[in-house]
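Please examine the structure shown below. This report describes how some of its parts are arranged.

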There are 2 protein chains.
Amino acid sequence: MPIMKKIYSLIMIAALFGTMSVSAQQSEQRLTPALMARLFPAGVVSPDYNKDGSVTFRFQAADAEKVELDCQMFSERKPMEKDARGVWSITVKPEVPDIYPYCFIVDGMQVTDPNNMFIFPNEGFKNSLADVRGDAPGMQDMQDVPHGKISYRYYHSKTVNLERPMCVYTPAGYDPAGKEKLPVLYLIHGMTDTYETWFKVGRVNLIMDNLIAQGLAERMIIVMPYANPYPEIAASGRFVAQDMMGTDVFCSEIINEVIPYIEDNYNVKKGAKNRAIAGFSMGGRQSLACGLGNLDMFRWVGAFAPAIFGNEYETNFANGLYEPLKKAERKLELMWLGCGSEDFLIQASRGLDAYLTEQGFEHTFYNPGGGHTWMNCRDYIELLAKELFK
Amino acid sequence: MPIMKKIYSLIMIAALFGTMSVSAQQSEQRLTPALMARLFPAGVVSPDYNKDGSVTFRFQAADAEKVELDCQMFSERKPMEKDARGVWSITVKPEVPDIYPYCFIVDGMQVTDPNNMFIFPNEGFKNSLADVRGDAPGMQDMQDVPHGKISYRYYHSKTVNLERPMCVYTPAGYDPAGKEKLPVLYLIHGMTDTYETWFKVGRVNLIMDNLIAQGLAERMIIVMPYANPYPEIAASGRFVAQDMMGTDVFCSEIINEVIPYIEDNYNVKKGAKNRAIAGFSMGGRQSLACGLGNLDMFRWVGAFAPAIFGNEYETNFANGLYEPLKKAERKLELMWLGCGSEDFLIQASRGLDAYLTEQGFEHTFYNPGGGHTWMNCRDYIELLAKELFK
């Protein structure tokens with residue numbers, strides 16, 4: 001019986017693997033040894049996390065001429081080596097344990113790691129995520145603490161006349177009908193990211209679980225809307241001129257749709273001083289416009305490597321996109337700006353920081369190393385969350 | 001100003017697109033025209049849903065020699081054609097509007113569609129999802145009805161000593177503290193699938209929203225655990241012999257961890273007659289073992305193309321993996337079996353159906369066309385959900 005069981009197992013693994021992973025092979029219902037070998041060739045594990053903190057990436061491609069690892073641990077691609085079974089591999093160790101996006105470059109073609117279930121949600125590329133742990137758990141790591149939850153919610157937006165998605169974080173012990181009402185952070189992704197990116201890449205739920213468990217952050221709800229309605233509008237067959245630089249559609253969606261939905265459906269504190277808005281890159285631009293432009297709605301504003309250009313902030317304070325500078329300074333509880341020194345958008349953040357300083361506008365400017373990455377984003381949200389609603 | 005704005009937009013789109021999608025290029029902070037052209041070459045839209053119900057797939061690969069579409073609409077791969085810009089494309093129309101997994105085969109290499117944010121969650125391959133709508137919305141389509149939510153929950157499993165994830169569907173208007181207590185369906189994915197697959201591919205939340213809105217299904221909570229703990233155990237650095245055919249670890253996890261967690265944290269009806277278990281493929285095998293083996297816990301059992309072999313069900317009823325046949329027949333509220341005629345596991349389902357019929361065991365056997373696919377799975381869950389808890 002054990003032998004039969006083992007044979008059955010092998011057949012089934014190959015069978016299920018085959019039919020589910022190689023769709024066009026579904027017409028081949030016979031499990032020949034050749035098919036089995038092709039479908040379940042080498043038991044490739046990737047990424048494979050080693051005890052010394054290094055990680056081994058593997059990719060099965062017997063016929064490829066060149067396979068490289070393109071990982072945000074490094075600023076350049078790393079060549080991988082092929083073994084006799086046709087499995088390409090490389091073992092690397094990052095300077096800092098973190099979660100790094102990566103893909104394989106197979107004869108010049110960008111390929112997601114087929115053996116890694118953790119994917120970077122994005123409209124325009126597909127990366128996998130390598131989650132390299134340190135000796136001590138990081139703030140973004142799953143720990144044995146009370147866990148909040150991420151919920152996928154769907155609401156009808158009159159602004160764009162569509163059913164739209166959002167992710168909502170509620171902390172452990174959140175009670176929809178209890179006495180505790182929570183403040184809300186509206187947290188916006190970057191261009192080509194989606195409403196899932198702050199959850200799946202930003203790990204905002206785990207960062208908050210750990211911060212709250214350690215008493216380092218206030219309990220809050222975090223709402224992650226889908227800041228880009230254009231793909232959905234296009235998919236619905238209607239045409240709307242896209243204005244990715246503009247913030248009108250975004251601000252209307254947040255203020256007229258998302259906030260009322262949240263305040264109708266969650267046990268939250270209302271009023272501007274209980275609302276924050278922050279975002280990364282394009283989402284930083286949107287957060288500045290929506291936050292600084294609506295001080296009756298938000299009193300806490302965060303911008304992570306915001307996509308602003310030249311000295312447009314001066315114009316924005318003057319022309320009404322942002323409310324007048326003196327009014328903003330008087331009303332805001334927190335103006336938080338973060339940008340890495342290697343970020344390609346650093347000049348605008350440095351300019352905004354200098355301008356606010358020159359104008360006597362109280363604000364925080366966090367300027368670590370690092371580039372326009374989600375490693376930096378996790379750092380920004382951790383630091384901002386520690387300041388909010390205090 | 002409009003011209004400057006347009007130029008800024010273009011630069012920023014290329015810049016953000018570039019740095020976020022091609023990680024190793026992050027060291028190139030200068031946006032040369034050549035880099036822009038490479039990073040944002042042709043504004044490729046894929047999949048592009050046409051008004052006549054067809055869909056156009058596109059893939060940018062100027063240097064590729066051969067690109068094919070491998071889509072579960074068809075049993076064979078379809079050649080794509082390259083235009084002067086290096087964009088490969090094909091327009092196809094499925095016989096039935098549905099959600100079809102697909103990938104591109106680029107010079108023999110399986111590649112996910114970089115421009116499609118909808119991904120099939122899986123441990124061992126990466127497919128994209130083409131969501132082809134019909135003239136009237138299907139049960140799996142987003143409609144303007146009250147929406148339930150999917151929540152990502154995390155619990156500490158003593159069985160495997162890990163923090164583990166699950167997805168939980170609660171219907172619109174679910175009240176954690178209200179008078180209405182709900183029955184629970186435990187819904188299990190297939191081998192190499194994850195706890196996200198019934199949500200992201202199965203669309204079980206939208207199917208339930210629509211069924212409930214039309215009065216066709218009872219209100220219920222649906223719990224989607226992660227049936228395969230082995231990758232997590234391995235990632236945590238411990239070793240456990242994998243027994244994918246065995247159901248012991250799975251049943252222990254469901255009964256000792258998942259059910260108590262749900263009954264502690266949700267407003268549910270307790271008792272076997274308020275619990276159902278169903279699953280696809282490997283999850284069908286697990287549901288049969290866990291359901292038929294624990295009639296004091298479950299009274300509703302569903303198996304979708306279950307991974308059972310030969311006539312093992314006879315042995316299973318006899319050797320204690322399932323409770324004795326007569327007892328099972330007396331206690332069960334519903335025994336629901338579904339399998340497509342082209343499914344490679346159809347023989348076992350036909351055998352189980354014939355055996356149950358011969359034994360006078362009341363059950364449902366649904367045997368449509370189709371193979372071992374998630375198109376069929378959505379059909380199975382819709383039909384089962386209409387029967388449950390009535």
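The following report treats a helix, a nonpolar core and a pair of domains in turn.

The model is predicted. In chain B, helix α4 covers residues 204-213. Nine of its ten residues are buried, so the helix is largely enclosed by the rest of the structure. Among the buried residues of α4(B) are B:V204, B:L206, B:I207 and B:M208; B:N205, B:D209 and B:N210 are buried as well. A further two, B:L211 and B:I212, complete the set. After α4(B) comes B:G215, which has a positive phi, near 70°.

| Element of chain B | Residues |
|---|---|
| β10 | 149-157 |
| β11 | 162-170 |
| β12 | 184-188 |
| α3 | 197-200 |
| β13 | 221-225 |
| α11 | 374-387 |

The largest nonpolar core holds 210 residues, of which A:V223 and B:V223 touch the most other members. When neighbours within four places in sequence are left aside, A:V223 is in contact with A:M166, A:V168, A:V184, A:Y186, A:L187, A:V258 and A:I262.

Chain A is assigned two stretches as domains: domain 1 (48-131) and domain 2 (149-387). Their C-alpha centres lie 31 Å apart. Eleven residues from domain 1 of chain A and twelve residues from domain 2 of chain A take part in the contact. On the side of domain 1 of chain A that touches domain 2 of chain A, strand β7 (residues 99-106) of chain A gives the most, with three residues. That side of domain 1 of chain A consists of six nonpolar, three polar and two charged residues.

Note on methods
Residues numbered from 1 in each chain as written. Chains lettered and ligands numbered in written order. Predicted model: local features only at pLDDT ≥ 70, side-chain atom pairs only at ≥ 80, totals over all residues. Buried ≥ 20, exposed ≤ 12 C-beta atoms within 10 Å, placed from the backbone. Helix = DSSP H or I, 4+ residues; strand = E, 2+ residues; numbered from the N terminus. Contact = placed C-beta atoms within 7 Å. Core = buried A, V, L, I, M, F, W, Y, C linked by C-beta atoms within 7 Å. Domains from an automatic or database assignment. Nonpolar A, V, L, I, M, F, W, Y, C, P; charged D, E, K, R; others polar.
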